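Subject: Structure handover

Hello,

Here is the structure you are taking over. My notes on it follow below.

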Amino acid sequence: MALLFELMAKGNGGELKVSSHPANQRGASSNEVAGIDVFEADGEPLRHCAEAKDKPFTRPDVDHAASKVAEAGHSRLISIYGPNAKAGMELEAVVAEYEEKGFDLTFVSAPAFAQGIVSLAPSVTWAEVVELINKHLAMTRAKEMTIQHCKEVIEKVSV
């Protein structure tokens, strides 16, 4: 997902800084708010916060992520979910509840999010895509299995 935010940043003339963080360690430092944080190029202010899930998640998971965002002084969170994600709640009701509190919570499927970003993104080369993927694999301290999977996908797509 960080790659998609990088494409959005390129479409903004590179005036955004995208940071992704290791799973289960968000908020470990004052610079980490959500799984993916997007800042102005100078590091302030925080423009977008996103969580990406591809496994079941619960209301406490959502509340925890939203509270981290609110503690950082931000009032918007995009929750991007993959095909293996299962929400143990009625998402529309949760969104409405957060809206009443003045907090903008959005749930979007990964394919829908990707289609929206890619349709607005500037053209990029495969070399740029690989560079961005490698950047975020390093940021998140990805496991070897994840790195290998990315390599395999890139090889299949770039043939």
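**Helix 2 and helix 3**

Helix 2 passes helix 3 in a right-handed crossing. (A crossing is right-handed if the near helix is turned clockwise from the far one by less than a right angle, and left-handed if anticlockwise.) Helices here are DSSP runs of H or I with at least four residues, strands are E runs of at least two, and both are numbered from the N terminus.

Before the rest, the ground rules. This is a predicted model, in which local features need pLDDT of at least 70 and side-chain atom pairs count only at pLDDT 80 or more, while totals for chains, interfaces and linings use all residues. Residues are numbered from 1 along each chain as its sequence is written, and side-chain values use heavy atoms, with hydrogens and water left out.

Back to the pair. Helix 2 and helix 3 pack at an angle of about 30°, and their axes are 12 Å apart. That makes helix 2 roughly parallel to helix 3. Axes are lines fitted to C-alpha atoms, for helices over the stretch in contact, and angles run from 0 to 180 degrees between N-to-C directions. Under 35 degrees counts as roughly parallel, over 145 as roughly antiparallel, 65 to 115 as roughly perpendicular, and the rest as oblique. On the helix 2 side, R59, V62, D63 and A66 meet V94, E97 and Y98 of helix 3.

Helix 3 has three named buried residues: V94, V95 and Y98. Seen down the axis, they fall within an arc of 100°, so they line one face of helix 3. (The arc is that of the directions from the helix axis to the C-beta atoms. Buried means under 20% relative accessible area, exposed over 50%, and partly exposed in between, with a 1.4 Å probe and protein chains only.) These buried residues pack against helix 2 and strand 5. The face turned away carries the exposed residues E92, E99 and E100. After helix 3 comes G102, with a positive phi near 80°.

**Cores**

The largest nonpolar core has 19 residues, and V62, L77 and L105 touch the most other members. Two or more residues each come from strand 3 (46-53), helix 2 (59-71), helix 3 (91-100) and strand 5 (104-109). Helix 2 gives the most, with four residues. A nonpolar core is a set of buried Ala, Val, Leu, Ile, Met, Phe, Trp, Tyr and Cys residues joined through side-chain atoms within 4.5 Å.

Leaving aside neighbours within four places in sequence, L77 is in contact (heavy atoms within 4.5 Å) with residues including A34, C49, A65, V69, F103 and L105. A second, separate core holds 15 residues, among them A2, V18, V38 and A50.

**Helix 4**

A110, F113 and I117 are the buried residues of helix 4 (residues 110-120). Their arc is only 65° around the axis, which puts them on the same side of helix 4. They pack against helix 1 (2-11), strand 4 (76-81) and strand 5. P111, Q115 and S119 are exposed on the face turned away.

A110 turns up again at G82. G82 is in the loop between strand 4 and helix 3. It is buried, at a relative accessible area of 13%. The C-alpha atoms of G82 and A110 are separated by 5.3 Å, although the residues are 28 apart along the chain.

**Helix 5 and its partners**

The axes of helix 1 and helix 5 come within 9 Å and cross at roughly 125°. That makes helix 1 oblique to helix 5. The crossing is right-handed. Helix 1 makes the contact with A2, L3, E6 and K10, and helix 5 with E128, V129, L132, I133, K135 and H136.

I133 also faces the other partner: with W126, V130 and L137 of helix 5, it meets T146, I147, C150, I154 and V157 in helix 6. Here the axes come within 11 Å and cross at roughly 170°. Helix 5 and helix 6 are therefore roughly antiparallel to each other.

One backbone point to check by eye. R141 sits in the loop between helix 5 (126-139) and helix 6 (144-157). Its phi is positive, about 50°, although R141 is not a glycine. R141 is exposed, with a relative accessible area of 56%.

Best wishes
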